[in-house]
Amino acid sequence: MEIYVLVKQVPDPEAMVKVKTDSELEIENKYFTNFFDEVAIEAALRLKEKFGGKVTVLTVDNRRVDALRRGISMGADDALQFSDPALEGSDPFSIAKVLATYLKDKPFDLILAGRQAMDDDAGIVGPSVAELLGIPHVNSIIGLEIEDPKKGAKVTREVEGGKETLSCPLPALFTCQKGLYTPRIPQVMNVMKAMKAQIKKVDLSAIGLTTTDVGPHSAKIKLNRYFPPPKRPPVRIIKDDFPENVKVLVKLLREEAKVI
Amino acid sequence: MALDFTFTEEQEFFRQTIRDTVNRMIMPRVKELDEKEEFPWDLWKEFASLGYLGLRHEEKYGGMGTDTITQMIFYEELARGSCGFFMAVTMQILMGTYFIGRFGNEEIKQRILVPAIKGEKIGTICFTEDQSGSDLGGTRTLATKVDGGWRITGRKQWITNGPIADFATVMATIDTKLGLKGLNFFLVERKSENRDGFVSGQRLHKLGSRCSVTGELVFDNVFVPDENFLGEEIGKGVQYAGEILNEVRVMTGMSALAIAKEAMEDARQYANNRIAFGNPISKYQLIREKFAKFWAWYEASRTFLYRCAWMIQNKIPCINECMLAKYHATEMCMYAVEEAMRIYGGNAFCTEYPVQRFWRDAKFLLYGGGTHEVLCDYLGRVFCKD
Amino acid sequence: MSNEIWVLAEHKDGKVKKITYELLSASAQFSKKTGGQVATILLGNNLQEAVKSLMTFADKIFLIEDPALTFYTSDAYLPSIASLINEHRPSILLGGATSTGKDLFPRLAMHLRTGYVPDCTDLSMGEDGRLTAIRPIYGGKVFAEISFSEDRPQMATVRNNTFIVDQELNKSAQVISVPFQTNHSLLKKKVLGMEKVGGEKLDISEADIVVAGGRGIKSAENFKILEELADVLNASVGTTRAVVDEGWRDQKDQIGKSGKNISAKLYMAFGISGAIHHVLGIGTCKTVVAVDTDPNALIFNYADYGIVGDLFQVVPALTEEFKKVLAEGA
């Protein structure tokens, strides 16, 4: 199978992220490959192990290519970085445009992505790429079975209060949720390969886009400002002995917080 | 631009990969490993399957052939996890296989090194005896030349991986009267039905690093063939010991960095959270000073250690520098774990909190690669041009 | 282009979901500024009951019924909604940040070449009809205020429990039946089945009250005491990543960064240390209670009320106490 995986390097969940100014964040320099993207890479590699073929990881990022190296270290065959100064300030719809423009002439059976990137937490790029390519998509899958790529896939996705199983023809795009697979820990040989890999760069002109197709002026949504999350007042520890403390808590929830 | 402190993008990626591997494979089990005090065979096999045991060996034997700086990055990240597991792994990667990789013939490398890199055979190195440790000249284990090989007699103590070792690189003297000049290294395997070899003596129970197994090895007139003599010529053992000890000391320093940082980051979280007199205790100057002091010493230590790694990599003589850096890093770490304990107050004394484990684990740093008393005596003597 | 505000209605087994009423209530407020009508789009099969319950919440109901719409798929939903929007040109289209909303809206926005802001925790509207959206990013470490380009409709999905349902809207909707136009051969995806998990309990992302247990619960079996507490409060049971990774609870119950964000009115954490992964998922809960044996547990930094104590003692006592006071109240 010919599989593409959309990946992104994001701040580690432990990293400090603070508002510096209205339009600027201070982000601690601790990055890792978006966890859901690793799940997607794992899914792609398992299909490759079953059916043969090729797994290519793609990222749209002017600076960080570690997610691509991560993909190679896990076992991906190829990696591509889309980078161009004009991409600065692009919204997710423009990112999707870049990816879809590159992919539209490529033969592929499947595109996989993470459920969302753990930075803007938006989950827009995956379904938008599918729309632009005119292929079906399913979000947030936790099960994936393919017996014969020509006959399509059986996928399970999480819905409120249950799990829904769908049949879907290929090619398609699926975004992957935790629980689908546990991403493998890379073997040292692949780590060395990833360290030495020359990452191929693709700019806008190479895929026939111009600077007006992307960037802040073509963005559909605009950031007005960042602000810190509202702070909770300090905790009120109920110091009475058991079981009096339980009675006090219930009373507070009813009469003060009024949530019961 | 002769002076450059940056890591390459590739090295940063390597660090991130090891960090992630440690976070996923080792971190969730650190407490359990410490409490069980057993060698974790399942973790060993899982870890060995990734291939890192060949970190510094040639690719044709299944190794990675990395440079010294890459190796030190690996050690620094690995040591964040279980200290005991770190000792078992570094024994296998560095000390336990160093002389075999350097001096073993092809047959020995195929038979010992290849399975060692796969984690299928466990190796160790034997320096310490009951009457000698940092004082290598006092080594009494005797190697006597016989027809076609050597006979080795003696007892080695404090042997990391000793109780489970399949093979050992043994430091022995050809004549106790020669002191340091009599020292040589020999490959000895565990006694089996068809091979003469060492047997295990008593196992030790340790304060920290508890999942690495440590004990005595007994050599009772063991015969080894000539090819098991590991060296270019007789009498050069002390020179080789100096060379491997450079790497061992910087590696030990790396684990000091990791333990100190983990302990202090843990203490920072505690201090930011623990309320006393109406404020998190990290708001108080006496607590803040502990962090500031640690930070200053830590950064100095780390820079010094990576400079030593760079010197080893570029084959610049650096015996004194490596000793100094190991000494500095270890003392920094002692400060860090001690102050982390104090920041935790009475809670430090409970095994529910991890801080006591850092404190216990760190203590081994004082002895590995030479006690500080011996190191300092030597370094002071060099400084005074005595 | 009209100044109408549209809401995509969501329903399950014929019952309209709370988030739909929330969005219609908020839309009614917004529409006072621009004078536009509030409409809802309802897709499915056999929707009489749903239509009835929406009558007083909207000015218009666009109703599309077809057996092919029994379960949501983007193939079936998107063309019908897109053609309605192209015909009527509403100013705003809102939906829940649900499994359906998050699947459909990004693709629909791309299809319509308009802006979309996902997973909002607040919305406001100016006199000029411009929507401003608030949403947490970086897992809730930072919030962003976002506005839209000139393209219409302005699209957003909103988390459960963001707005208060106004039962007194007293509208009287005009029901507009729209034929389902899609060529059935274009329906590529087929829902093969739905496995219900968690019985009749609401999903943790939808529930008003969530009670959750962490590693401190010690075993899968011990979750029974939380289930009992949840039954009394009509709450749902959530958990942490560590517990899911241990295999004690299902992935769907995981709160936090690699799980779900919840916006419950009341969230109660038992035996949860408060790792950053977890607390990022409860940032928008209104009241948070924490119970843990360790007085220095981080969870207390994110709580309104705390009890330092043994959950195995506290939880059963809480269950009994709630039973008692709820019986008195009734």
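**Strand pairing and chain contacts in a predicted model**

Modeller: In this predicted model, strands E8(C) and E9(C), the latter covering residues 131–137 of chain C, pair in the antiparallel sense over four bridges.

Biologist: What makes E8(C) and E9(C) a pair?

Modeller: Pairing requires at least two bridges. E8(C) and E9(C) have four bridges, so they count as paired. Within this pairing, Leu123(C) stands opposite Ala133(C).

Biologist: Which strands form the open sheet, and in what order?

Modeller: The order is E14(A)-E10(C)-E9(C)-E8(C), with antiparallel pairing. E14 (221–227) of chain A and E8 (122–125) of chain C stand at the edges because each has a single partner strand, which leaves one side of each without a neighbour in the sheet. On average, neighbouring strands of this sheet are turned by 25 degrees against each other, direction ignored.

Biologist: How many residues of chain C are in contact with chain A?

Modeller: 75 residues of chain C are in contact with 71 residues of chain A. On the side of chain C that touches chain A, 32 are nonpolar, 22 polar and 21 charged.

Biologist: Why is chain B called as compact as a globular protein of its length?

Modeller: Chain B has eleven helices and ten strands. Its radius of gyration is 21 Å, close to the 21 Å given by the globule rule for 386 residues, so chain B is as compact as a globular protein of that length.

Key:
Residues are numbered from 1 along each chain as its sequence is written. Chains are lettered from A and ligands numbered from 1 in the order in which they are written. This is a predicted model: local features need pLDDT of at least 70, side-chain atom pairs count only at pLDDT 80 or more; totals for chains, interfaces and linings use all residues. Two residues are in contact if their C-beta atoms, placed from the backbone, lie within 7 Å. Ala, Val, Leu, Ile, Met, Phe, Trp, Tyr, Cys and Pro count as nonpolar, Asp, Glu, Lys and Arg as charged, and the others, Gly among them, as polar. Helices (H or I, at least four residues) and strands (E, at least two) are DSSP runs, numbered from the N terminus. Axes are lines fitted to C-alpha atoms, for helices over the stretch in contact, and angles run from 0 to 180 degrees between N-to-C directions. The radius of gyration is taken over C-alpha atoms; the globule rule is 2.2 Å times the number of residues to the power 0.38.
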